[in-house]
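Keep the 3D view open while you read.

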Amino acid sequence: MKRKKTLALFCCTALTLSAMQGKTISHAAQNSGPMQEYLVQTNTEQAYEAVAQQYGVQTLSDLPAEPLFKETNILLMDLTSEQAYVLDQEDGVTVEPNMTLNAADLTETTLEEDRSMQPAAEDVKSLAERQWNLSAVQAESVDETAAAKKINIAILDSGVDLLGDVEFDYQTSLIPEENTDDQTGHGTMITNLIARNQNGFCETGIIPDSSPVGLYNVRILDENNQTPLSRVVEALQWCIDNHMDVVNMSFGMEEYSEILHNVISKAQDAGILMVASAGNSGGSLVEYPAGYPEVIAVGSVNENLTYSTFSNTGSAIELVAPGENIPVTSYWGLQGAGSGTSYAAAHVTAIAALLWSENPQRNAAEIRTLLNRSALDLGGSSSYGNGMVNYQYASTHTELADPESIVDEDWGRMANPQTYEVPDSLKASWGYDNHAALIPSSVSGLTAHEVNVVKAASRYSDTSETLRYYDALHARDNTNYVSAAKCMYEAALAWNTNKNYDDIYAKADSYYSSDESATVRATNIRELKAAMKEAVNCNFQNTAETGSAVTANRGRLQLLGLAIHIGGDTYAHKSMCDGSPSGQDEIQNIYNKTADVRNATVNGQNTIEDLKKAAASATGLTTAGMGNSKYFSNLRICNAYYTDSINYMAKRYSVATKVATNKLLNYYSNKTYFRPYAFCPYEISSTSNFRNNYSYKTRHLIKYLNDTGFNINSYLNGQNSYQTSDWYALSFDN
């Protein structure tokens, strides 16, 4: 819950300013230092006039809207620090520097036009088509005829692209001598998340065109995505004067401002619902204006519904919403993917306006209550507040807006998230530390420093903001893990001091999976090349050096680490759940012993029975396949105790160490070309040992070996005398 603060708002107490008592305000040290802008607020209009007269502010014609400031008893003045100090000592006067607020957007937003320059960037079209954010907040199919009252949204931002398709009821710029045209793209992206519009390959935004929601573009952020405090105050007063209902503020600052708080409080008294971004520094301080109790502070979550590491946390967080890897449309219709609490706030703003338009009898406070009580509980109030905003549930449970309808302890526990499924690309992976732990501290042929380089590279696939989305690096979907690991490993052998990209790209071109369309294969090949290029240009132990060339040896080792990561993820994702009686018992025992799992299953024991049947069926069930919304309402819980757990079917992890890691390390130390033994356990020198030590299978191993060009009959003799039956015993090809 948000902390509560009490401030006197525009007090009507007797004037105490000395000038109004027949005295002269001190002008000490008036010219003894540099001048800077200050906001000065008085508690009465008479004191306002006295300050203006005493300090020579005869007119305010240089300001965009003089009546605004006079109405709120606020002056924008050039003062020395000494003057500001003296004036601030007067009773009934508050003096603050005209501080700067910044848009809460990360610089990692990737637009479609940038892809040729950023080969390691996420495939923008694929990401946008997922529209995971709309599904997560259950707003992908808003009823266009449901709204009953026009609600006005003011978007205080950097303006909007004049060539865009969104229609506004009114537009204004509070930046002197500049129009409403967006110079940075930030305001356009925020608007296109709030208002639904068809742009290119995807439809973005939540509010349908036909909904009776008025949009007002109020430009306050300049070409640097910054605004002075005075302009925010002016904009909020504009919202009050023009009867706005909802205000989106995707910007902030760390400093507390009493003057801004006063105007925020005045806006709340006027019945305005205010939404703001929590900030992107990853700290424990929610930025202002989000940090004021009158404002809904919104944090960010990612596709796994876990809080984004950049998102600020703290007791002021009230709600969270998707804010990481969000499909966005910027100026000139450019599509892309962006991250930041700015985008999270836009989701809440849109949903608040829709709910209010559907419930015209409600006021701002009741809509705020409805948002909070219908939110999906994600746990941990300092990170998630009351939970993730949920349009569909809120729209069908409007009784939650009634103050006495439900006790606070039940907030967030009633939402139904079953229509949202975490994208498969993020369902399952060993923790990045577990990947590094697969690698022994001592490796023949490698120094301790070189081993650490490989460890860092094995982690990097999960921590990189680009590589973690590349399916082929994580054995996801229908990617051929054998082929992908071979490509990356042989790239490690091919990279040398000549640093010829064609040498390693040729390895990626050999990638093939018969389970994929030509388009999907082309995407995976492109992403393998992008990962290879990043591996030989970025020091994974010091990512600040991204873009600078690394030594040839480091490049080889980092390519090796990426290959090892693919092998490890194969056992995390493509292992078939054990359908034997003992394997079914393991599924049951985790459920019996773990309250989190029991609470997260969709149908309790019936869900466990379904999982057992699927594991034992002719089609089987992969460990990644357990992470499905038909089984678990909270997929994070499934991943924590089943899919991602190194304790569930623990042999997966030990075999990944012995096979995918040690084999590849051994091959590399001896400069041996890739062999398929990297995906076959050591223990299967005989069928009996195989059955004792490796009692489950890997999805499509035989198919993917064949796709990669291996003939298992060529590997029947040698150090490990595999029989044909052993290979087939390892593969699940239904």
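Thr-479 touches a whole list of residues beyond four places away in sequence: Asp-471, Ala-472, Tyr-511, Ser-513, Glu-516, Asn-524 and Tyr-704. Keep in mind that this is a predicted model.

**Around Thr-479**
- You'll find Thr-479 in the loop between H14 and helix H15 (481-494).
- Is Thr-479 buried or exposed? Its relative accessible area is 2%, and buried means under 20%, so Thr-479 counts as buried.
- The side chain of Thr-479 also reaches the backbone oxygen of Arg-476, at 2.6 Å.

**Around Val-443**
- Val-443 is in a loop too, the one between helix H13 (432-438) and helix H14 (448-463).
- With a relative accessible area of 9%, Val-443 is buried.
- Leaving out its neighbours within four places in sequence, Val-443 is in contact with Val-451, Leu-665 and Ser-669.
- Val-443 and Ser-669 are 226 residues apart along the chain, yet their C-alpha atoms are separated by 8.3 Å.

**A sheet of three strands**
- The strands of this open sheet come in the order E11-E4-E13, with antiparallel pairing.
- Strand E11 (226-228) and strand E13 (251-252) stand at the edges with a single partner strand each, so one side of each has no neighbour in the sheet.
- Strand E4 (residues 100-103) pairs with E11 over three bridges, in the antiparallel sense.
- Which residue in E11 is the bridge partner of Leu-101? That's Thr-227.
- Helix H7 (residues 229-241) lies across E4, E11 and E13, and runs at about 80° to E11.

Note on methods: Residues are numbered from 1 along each chain as its sequence is written. This is a predicted model: local features need pLDDT of at least 70, side-chain atom pairs count only at pLDDT 80 or more; totals for chains, interfaces and linings use all residues. Side-chain values use heavy atoms; hydrogens and water are left out. Helices (H or I, at least four residues) and strands (E, at least two) are DSSP runs, numbered from the N terminus. Buried means under 20% relative accessible area, exposed over 50%, partly exposed in between (1.4 Å probe, protein chains only). Contact means heavy atoms within 4.5 Å. A polar contact is a pair of N or O atoms within 3.5 Å; within protein, one must be able to donate a hydrogen and the other to accept it, and residues adjacent in sequence count only if both atoms are side-chain atoms. Two strands pair if DSSP finds at least two bridges between them. Axes are lines fitted to C-alpha atoms, for helices over the stretch in contact, and angles run from 0 to 180 degrees between N-to-C directions.
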